[in-house]
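Subject: Handover of a structure

Dear colleague,

Please find below the structure that I am handing over to you.

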Amino acid sequence: MSTIKGAVSHHEAELAELRADRELAVAYLKAAMESLDDPDDRAAGLLALRTVAEAYGGLGAVAAEAGISRESLYRALSPKGNPTLKTLLAVLKTVGLRLSVEPEKHAHA
């Protein structure tokens with residue numbers, strides 16, 4: 001398979017877009033994080049957080065700043081990962097975000 005000169009992979013384009021548009025990164029992560037409630041679809045939220053971490057410094061730098069080993073962060077944000085709340089909060093803080101709570105759209109009063 002030949003490589004087109006100057007071509008950018010989809011992943012690299014996605015990282016650049018998320019890096020350039022903070023509001024897009026927040027909306028992207030917010031939508032993907034909803035999947036964390038579903039054990040069969042949890043990978044989407046974890047991979048979205050991994051992508052945002054890559055866009056905002058790279059996994060190695062985010063891990064170092066969050067006080068987590070790089071290997072642990074890769075494992076926690078893998079499709080089968082199971083990060084602790086401490087890890088989620090540290091990664092979000094490192095990329096300039098925080099966890100928040102909202103009522104469900106159809107929650108009971």
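A residue is called buried when its relative accessible area is under 20%, exposed when that value is over 50%, and partly exposed in between, using a 1.4 Å probe and protein chains only. Glycine 57 therefore counts as exposed, because its relative accessibility is 54%.

Please note the basis of the account. This is a predicted model, in which local features need pLDDT of at least 70 and side-chain atom pairs count only at pLDDT 80 or more, while totals for chains, interfaces and linings use all residues. Residues are numbered from 1 along each chain as its sequence is written, and side-chain values use heavy atoms, with hydrogens and water left out.

Overall architecture

The protein has six helices and zero strands; helices (H or I, at least four residues) and strands (E, at least two) are DSSP runs, numbered from the N terminus. Read along the sequence, the pattern is α-α-α-α-α-α. The C-alpha trace spans about 60 × 30 × 25 Å along its principal axes. Of the 109 residues in the protein, 33% are buried.

The nonpolar core

In soluble globular proteins, nonpolar side chains tend to be buried together. A nonpolar core is here a set of buried Ala, Val, Leu, Ile, Met, Phe, Trp, Tyr and Cys residues joined through side-chain atoms within 4.5 Å. The largest such core has 22 residues, and Leu29, Leu49, Leu73 and Val91 are those with the most contacts inside it. Helices α2, α3, α4 (59–66) and α6 (85–94) each supply at least two residues of this core. The most comes from α3, which gives five residues.

Surface patches

Patches are made of residues with over 30% relative accessible area and no salt bridge; like charges are joined within 9 Å, and nonpolar side chains (Val, Leu, Ile, Met, Phe, Trp, Tyr) within 5 Å. Lys and Arg count as positive and Asp and Glu as negative, whereas His and the chain ends are not counted. The place of a charge is taken as NZ of Lys, CZ of Arg, CG of Asp or CD of Glu.

A negative patch is formed by Glu34, Asp37, Asp38, Asp40, Asp41 and Glu104. One of these residues, Asp37, sits in the loop between α2 (22–33) and α3 (42–55). Aspartate 37 is exposed, with a relative accessible area of 71%.

A nonpolar patch on the surface consists of Leu85, Leu89 and Leu99, with about 270 Å² of accessible area together; accessible areas come from the Shrake-Rupley method with a 1.4 Å probe, and for residues only the protein chains shown count as cover. Leucine 99 lies in the segment after α6 and is partly exposed, at 44% relative accessible area. Between the C-alpha atoms of leucine 99 and glutamate 34 the separation is 12 Å, although the two are 65 residues apart in sequence.

The salt bridge

Side chains of opposite charge can pair when their charged atoms come close. A salt bridge is a side-chain nitrogen of Lys or Arg within 4 Å of a carboxyl oxygen of Asp or Glu, and the structure holds one. It joins the side chains of arginine 70 and glutamate 71 (3.8 Å, N to O). Arginine 70 is partly exposed at 44% relative accessibility, and glutamate 71 is partly exposed at 46%.

Further positions

Glycine 57 is placed in the loop between α3 and α4. Glutamate 12 belongs to helix α1 (residues 10–20) and is partly exposed, at 43% relative accessibility. The C-alpha atoms of glutamate 12 and alanine 53 are 13 Å apart, and the residues are 41 apart along the chain.

With kind regards
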